[in-house]
Amino acid sequence: MGNGKWHGSVGGIVCAPIEKVWTLVSKTKRLPEWMPMVERCSSLDGDDDEPGYVRLVLGFVFPQQDGERSWIKESLVSLDSSSHSYVYRMEASNVGLDGSVNSLKLVDYGDESTLIRWSFEINPLEDVSEDTIVDYLGFLYKSCINKIEGAIEAASRNVSPP
């Protein structure tokens with residue numbers, strides 16, 4: 001992958017059927033249910049299952065020195081419900097990750113469980129090491145994977161998650 005970008009990936013198993021996981025992770029309005037530190041995710045343009053869709057993610061995903069919330073404007077590059085995968089590109093942000101690409105893919109792992117594979121590709125950043133940012137993003141995405149199972153359980157009880 002000699003394109004000069006930094007790469008990373010993380011995976012995990014969720015004890016829930018692939019269709020339940022997909023229903024949760026493929027809908028923008030449900031992002032705060034399973035992505036820690038995301039307070040709100042809103043649609044800016046298009047349909048959330050069509051390439052070109054644009055959303056705005058707000059929260060404390062990446063701590064800011066001034067204490068302000070981080071924001072990321074993302075566009076959907078591709079979404080394939082049959083293969084349970086999508087790709088988003090960060091178009092603009094106050095976190096320095098403009099141009100980054102994040103991919104999520106689900107795989108049926110059998111016994112009502114799902115393997116989640118999350119990979120990312122970012123442009124090199126100034127004043128931060130590749131290992132530091134790749135480790136942080138890996139931690140962030142792993143924490144999302146860990147939260148998905150609880151979000152599915154909460155939704156099945158028709159109880160809003162805290």
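Reply: In this predicted model, helix α3 covers residues 130–156, 27 residues in total. From its first C-alpha to its last it reaches 39 Å, close to the 39 Å expected at 1.5 Å a residue. The helix has a kink of about 30 degrees, and the kink is centred on K147.

The axes of α1 (residues 18–25) and α3 come within 10 Å and cross at roughly 95 degrees. An angle from 65 to 115 degrees counts as roughly perpendicular, and α1 and α3 are therefore roughly perpendicular to each other. On the α1 side the contact is made by K20, V21, L24 and V25, and on the α3 side by I148, A151 and I152. Six of these contact residues are nonpolar, one is charged and none is polar.

α3 lies across β1, β5, β6 and β7, and runs at about 20 degrees to β1. The sheet itself is open and has seven strands, in the order β1-β7-β6-β5-β4-β3-β2, with antiparallel pairing. Its edge strands are β1 (6–14) and β2 (38–45), each of which pairs on one side only. Neighbouring strands are turned by 25 degrees against each other on average, direction ignored. Helix α1 packs on this sheet too, touching β1, β4 (70–80), β5, β6 and β7 (113–122). The direction of α1 makes about 160 degrees with that of β6.

The strands that α3 lies across include β5, β6 and β7, and their pairing can be followed residue by residue. Strands of a sheet pair through backbone hydrogen bonds, either parallel or antiparallel. β6 and β7 are antiparallel and share nine bridges. Here L104 has W118 of β7 as its bridge partner. The two strands form a hairpin with two residues between them, and D111 in the turn has a positive phi of about 50 degrees.

On to the next pair. β5 (residues 85–93) and β6 (residues 101–110) pair in the antiparallel sense over five bridges. Y86 is bridged to L104 in β6, and R89 stands opposite V101 in that strand.

S78 has V87 of β5 as its bridge partner. The hairpin of β4 and β5 has four residues between the strands, and H84 there takes a positive phi near 50 degrees. Next comes the pair of β3 (residues 54–59) and β4, antiparallel over six bridges, in which V57 stands opposite I72 of β4.

To return to the helix: α3 meets α1 through I148, A151 and I152, and lies across β1, β5, β6 and β7. α1 touches those strands as well, along with β4.

Methods:
Residues are numbered from 1 along each chain as its sequence is written. This is a predicted model: local features need pLDDT of at least 70, side-chain atom pairs count only at pLDDT 80 or more; totals for chains, interfaces and linings use all residues. Side-chain values use heavy atoms; hydrogens and water are left out. The expected span of a helix is 1.5 Å times one less than its number of residues. The bend at a residue is the angle between axes fitted to the seven residues ending there and the seven starting there. Axes are lines fitted to C-alpha atoms, for helices over the stretch in contact, and angles run from 0 to 180 degrees between N-to-C directions. Angles under 35 degrees count as roughly parallel, over 145 as roughly antiparallel, 65 to 115 as roughly perpendicular and the rest as oblique. Contact means heavy atoms within 4.5 Å. Ala, Val, Leu, Ile, Met, Phe, Trp, Tyr, Cys and Pro count as nonpolar, Asp, Glu, Lys and Arg as charged, and the others, Gly among them, as polar. Two strands pair if DSSP finds at least two bridges between them.
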